[in-house]
Amino acid sequence: MARSYPEAKKGTQVDTYHRVQVADPYRWLENLDSRDTRAWIDAENKLTSVWLGAIPGRDRIRQRLTELWNYERTSAPQKYGERWFYTRNDGLQNQAALYVADALDAPPRLLLDPNALSKDGTIALKQWSVSDDGKYVAYGLSSGGSDWEEWHVLDVDAGKPTNDVLKWVKFSNASWRRDGTGFFYSRYDEPKADALKAANKFQKLYFHRLGEDQDDDLLIYENRDQPDWRFQGEVSDDGRWLVIGVNRSTEPKNLVLYRDLAKPWRQKGEKKKVAHASAPGPNVRNMQGKKIKTESQVTPTETLIGTWDAAYEFLGSSKSTLYFLTDADAPRYRIVAIDVDHPDKANWKELVAQARDTLQSARIVNRSLVATYMQDAHSAVRTFDLKGKSLGEIALPGLGTASGFSGRPRDQAAFYTFSSFTVPPAVYRYDLSAAGGGVWRAPKTAFDPAKYETKQAFYTSRDGTRVPLFVTAKKGLKLDGTNPTILYGYGGFNIPIQPNYSAAVAAWLDLGGVYAVANLRGGGEYGRDWHEAGIKTHKQNVFDDFIAAAEYLIAQKYTSPSKLAIRGGSNGGLLVAAAELQRPDLFAAAIPQVGVLDMLRFRDFTIGKAWESDYGSVDNADEFKALYAYSPLHNVKPGSDYPATLILTGDHDDRVFPAHSFKFAAAMQAANPQGKPKLIRIETRAGHGQGKPTTMQIDEVADVYAFILEAMDLAR
């Protein structure tokens, strides 16, 4: 590979942070559309394609991946009116399609097939929301992997879209009024600069009335003093309450606002008030469709939770009582009831107290609480009545992950999916009245789970912390240190990593590999304390946990440094890059995917400012010191013998700006041109990963596995 990398010129850019001068020679790669950057991207992709294409066995890996990927995937069904809605992928479709059925087991009718919207399969159905009567579906489409969504409305009876089109929607749900006249959603103003790069500021909450132009949407809430605040509106199941969650970053803390939708738009004799921090535009309308000319015609939005002290997730309501899942005074979460007429904390009623296990989520179904817990990162599901009395536990098929629990207070049954590292997701039906249920849909695959097993181990990190580790491999695996192994991790943003099936993982196991997942600090496996132990100035704990997992696998003779690869995406891409720079002796290969790799400039792009809650800010001297100490881009040392590295990104990634990966690749290639390969694979019609077409996913995984096996001298 010596001297074969594309030329990446070095500029003279130098920035100063707290009297520390920091060079940024590859700043020019942040200009994605410049002639120099596009030429560099083309040259890097050509080099990577040629290099990967020469690895023996890659086509065989791709063929087996295609076989394993070809299985039916169905989401848990949801009932609206007398209709059932769910998505389905027949196996190798690039995108899942949306279906409707008149009865649970009746033949479904295709409603929306995103595969027909683009030739390359890069338009994805990202979200969908059904009106209460089942007559309309609001749905968000994303193109090329972007976080930006364009929303439309489908007339279910007609089977075709209406004329409703909503643009510049990002990080938003859609929640219908129960009368079906329209829905609440959040969006940004149209970007004045590059939409894939510009920082996202001043999100606003709107109501869209069916049949009207987006310009006439009713502005429900904004705050012109808080550019980083984001809003999620949710209508209660009884239709009375609009509950607005307010976030200012990715930290799991939020405010809660609300409106009583049962009240007149403005009560007789009420003083003039404003629902948001500024007057609406000239075309904004009220809930009756009348144009608003002055802010005096807008009702107020009330504050329920007005301090940034905890996380509050709205679960449902009963008359004037709102139910929340929260970590207020409970770092492993509890469920409380708050009366909007008496909202002081002293009046809250605790329904489900904090337990030893972390309460991950809850739904109200059949007037009961279905609560999903994490027991050392795998699922346990318990039920309670609305007064908090325990009703028992839902038995799960094994050590894995239960999710979904679609169902509403009026429904008798809940539907959920269950999967593990070796068992693909099946949809289960659980009747809460009868306290029993079974499989509704289960796929058939070309993978035999009976040949494999998952074990959970616990190892000790550098500071003595006990950390869980899942290890999946063939039964009877010989522990002689020769097994090719992939270690995966994330460790951030309060996100837990739990057992889930992946055709890609199945293919690695099928190749004779070992797959290990470490549940690192910074994640949400053990609640708030576990998360906060891996953020800001404590972020090094996450890397220490990951490195200790590698050392454990080697000590237990699952593998050895020459047969160990590490992989992670997004925050996990940061993890992989930091780990390979800090302990290059431990790994044969490293795969940092769409990683946050420039820790001094992440906040300058798209939604990056929100990540300061986890990473810290360069404006704070102590946090800058910590960031600079591990920032991958700034810790590449010339001449170092780093592992073989394949960097993955997409040039449409507007979550983690792709220049992170570009600059890191240029730095790694320049550091040791004669060392192990340092390649970058850049998808030119893909983003952060969500909505990536099946064909792209298969090609990518085949390249990754071929690269890893070549680095381990096992490519055949």
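Predicted model: local features only at pLDDT ≥ 70, side-chain atom pairs only at ≥ 80, totals over all residues.
1. H9 makes the largest contribution, with four residues.

2. Which residues of helix H8 (residues 621–630) are buried? They are Glu-623, Phe-624, Ala-626, Leu-627 and Tyr-630. These residues lie on the same side of H8, because the arc that they cover around the axis is only 165°. On the face turned away from the buried side are the exposed residues Asp-622, Lys-625 and Ala-629. The cover over the buried residues of H8 includes strand E1 (14–17) and E2, together with helix H5 (540–555), helix H6 (571–582) and helix H7 (612–615).

3. The largest nonpolar core has 96 residues. Within this core, the residues that touch the most other members are Tyr-459, Leu-469, Leu-487, Trp-611, Tyr-615, Tyr-705 and Ile-708.

4. The contacts of Leu-487 may be set out individually. Leaving aside residues up to four places away in sequence, Leu-487 touches Leu-469, Ala-516, Ala-518, Phe-546, Ala-549, Ala-550, Leu-553, Leu-564, Ala-565, Ile-566 and Arg-567. Leu-469, one of these partners, is also listed with Leu-487 among the core residues that touch the most other members.

5. Most residues other than glycine have a negative phi. Lys-536, however, has a positive phi, near 50°, and Ser-570 likewise has a positive value, near 65°. Lys-536 is found in the loop between helix H4 (528–532) and H5, whereas Ser-570 is placed in the loop between strand E36 (564–569) and H6. Are these residues buried or exposed? Lys-536 is partly exposed, with a relative accessibility of 29%. Ser-570 has a relative accessible area of 14% and is therefore buried, the cut-off being under 20%.

6. The model contains eight cavities of 30 Å³ or more. The second largest cavity has about 70 Å³ of space. Of the 15 residues that line this cavity, Asn-200, Asp-228, Ile-607, Lys-609 and Ala-610 lie nearest its centre. The lining of the second largest cavity is made up of seven nonpolar, three polar and five charged residues.

7. Arg-109 belongs to strand E7 (residues 109–112). With a relative accessible area of 36%, Arg-109 is partly exposed. Not counting residues up to four places away in sequence, Arg-109 touches Leu-98, Tyr-99, Val-100, Val-156 and Gly-159. The pair formed with Gly-159 spans 50 residues in sequence, and the C-alpha atoms of Arg-109 and Gly-159 are 9.3 Å apart in space.

Methods: Residues numbered from 1 in each chain as written. Heavy atoms only, no water. Helix = DSSP H or I, 4+ residues; strand = E, 2+ residues; numbered from the N terminus. Core = buried A, V, L, I, M, F, W, Y, C linked by side-chain atoms within 4.5 Å. Buried < 20%, exposed > 50% of the residue type's maximum accessible area, 1.4 Å probe, protein only. Contact = heavy atoms within 4.5 Å. Arc of directions from axis to C-beta. 1 Å grid on protein atoms, 1.4 Å probe; cavity = no way out; pocket = protein on both sides within 12 Å on 5 of 7 lines; lining within 4 Å. Points joined across faces, edges and corners; volume = space filled by probe spheres on them. Nonpolar A, V, L, I, M, F, W, Y, C, P; charged D, E, K, R; others polar.
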